[in-house]
Amino acid sequence: MAVIVRAGAAPMVWLGVLAAAVGLVPEGLTGRRIGLYGGAALFLVAAAVVAVGRMGRYRELERTATRAARGDILQDRAVTVRNRRRDHRWWLLAAFAAAVGLSFAVPAAGGMLLAGAGTGLWLKARALGRRESAAEKLLWVRTDWVEGGRPAGARVKGYRTTGPAAGDAAPGGARRR
């Protein structure tokens, strides 16, 4: 389940950094210094909001998690990451274009906002991983319940649990080494 959260983090961070770098080229309406200060503030706010957003729903689903049945299909980490990134590539491209477009008004702010959202997703995945490690169980969501890549969406009725050695993902969605 944390794989789904973590899958969107890296592309958002890198596209945000690229958009912020491109955004430093034009002077913008506000000037580079104000754009960088505003972007830094947006980065921190976005990272905090995304990191703590919907955590109550995650905790509720984690509390009611049941052991994975023999018939439950656990999807490979690489497949989950590939599907998540493929499903959201147009949203990422639109967010990147909006961040670059915003840089003509406020240099680097849009890119830093995008990078902050990606950092917030990464922080959320880390927090979920710490809880998985503390409970010594991995949390999974059935693939047919995940609509649009939302592991805590309305269709998700509960999580499934396995031992920490199951699957190819470490707690928090990282690749098992």
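# Helix packing around helix 7

Helix 3 and helix 7 lie roughly parallel to each other, a label given to angles under 35 degrees, whereas angles over 145 count as roughly antiparallel, 65 to 115 as roughly perpendicular and the rest as oblique. The structure is a predicted model, in which local features need pLDDT of at least 70 and side-chain atom pairs count only at pLDDT 80 or more, while totals for chains, interfaces and linings use all residues. Residues are numbered from 1 along each chain as its sequence is written, and side-chain values use heavy atoms, with hydrogens and water left out.

## Overall architecture

The protein chain holds seven helices and three strands; these are DSSP runs numbered from the N terminus, with helices being H or I of at least four residues and strands being E of at least two. Starting at the N terminus, the order of elements is α-α-α-α-β-α-α-α-β-β. The C-alpha atoms occupy a box of roughly 60 × 35 × 25 Å along the principal axes. Of the 177 residues, 41% count as buried, meaning under 20% relative accessible area, with exposed set at over 50% and partly exposed in between, for a 1.4 Å probe and protein chains only. Among contacts (heavy atoms within 4.5 Å) between residues at least 6 apart in sequence, 81% join residues at least 24 apart.

## Helix 7 and its partners

Helix 7 (109-135) has 27 residues and reaches 39 Å from its first C-alpha to its last, close to the expected 39 Å, where the expected span is 1.5 Å times one less than the number of residues. Helix 7 is followed by E136, which has a positive phi near 55°.

Axes are lines fitted to C-alpha atoms, for helices over the stretch in contact, and angles run from 0 to 180 degrees between N-to-C directions. A crossing is left-handed if the near helix is turned anticlockwise from the far one by less than a right angle, and right-handed if clockwise.

| Helix pair | Angle | Axis separation | Handedness |
|---|---|---|---|
| Helix 3 and helix 7 | about 25° | 7 Å apart | right-handed |
| Helix 2 and helix 7 | roughly 160° | within 7 Å | left-handed |
| Helix 4 and helix 7 | roughly 25° | within 12 Å | right-handed |

Helix 3 spans residues 32-52. Its residues in contact with helix 7 include G35, G39, L42, F43 and A46, and among those they meet in helix 7 are M112, L113, G116, G120 and L123.

Helix 2 and helix 7 are roughly antiparallel to each other.

G16 lies in helix 2 and is buried, with a relative accessible area of 0%. Beyond its neighbours within four places in sequence, G16 is in contact with G111, M112, L114 and A115. The C-alpha atoms of G16 and A99 are separated by 7.6 Å, although these residues stand 83 residues apart along the chain.

A99 belongs to helix 6, where L92, F96, A99 and V100 are buried. These residues cover an arc of only 95° around the axis, which puts them on the same side of helix 6; the arc is that of the directions from the helix axis to the C-beta atoms. Their cover includes helix 2 and helix 7. The face turned away from this buried side carries the exposed residues W90 and W91. Helix 6 (residues 89-102) has 14 residues and reaches 20 Å from its first C-alpha to its last, close to the 20 Å expected.

T161 is found in strand 3 (residues 160-162) and counts as buried at 9% relative accessibility. Not counting residues up to four places away in sequence, T161 touches A65, T66, R67, A68, K137, L138, L139 and W140.

V141 sits in the loop between strand 2 (138-140) and strand 3 and is buried, with a relative accessible area of 11%. With neighbours within four places in sequence left aside, V141 contacts M1, I4, V146, P151, V156 and Y159. V141 and Q75 are 66 residues apart in sequence and 9.3 Å apart in space, C-alpha to C-alpha.
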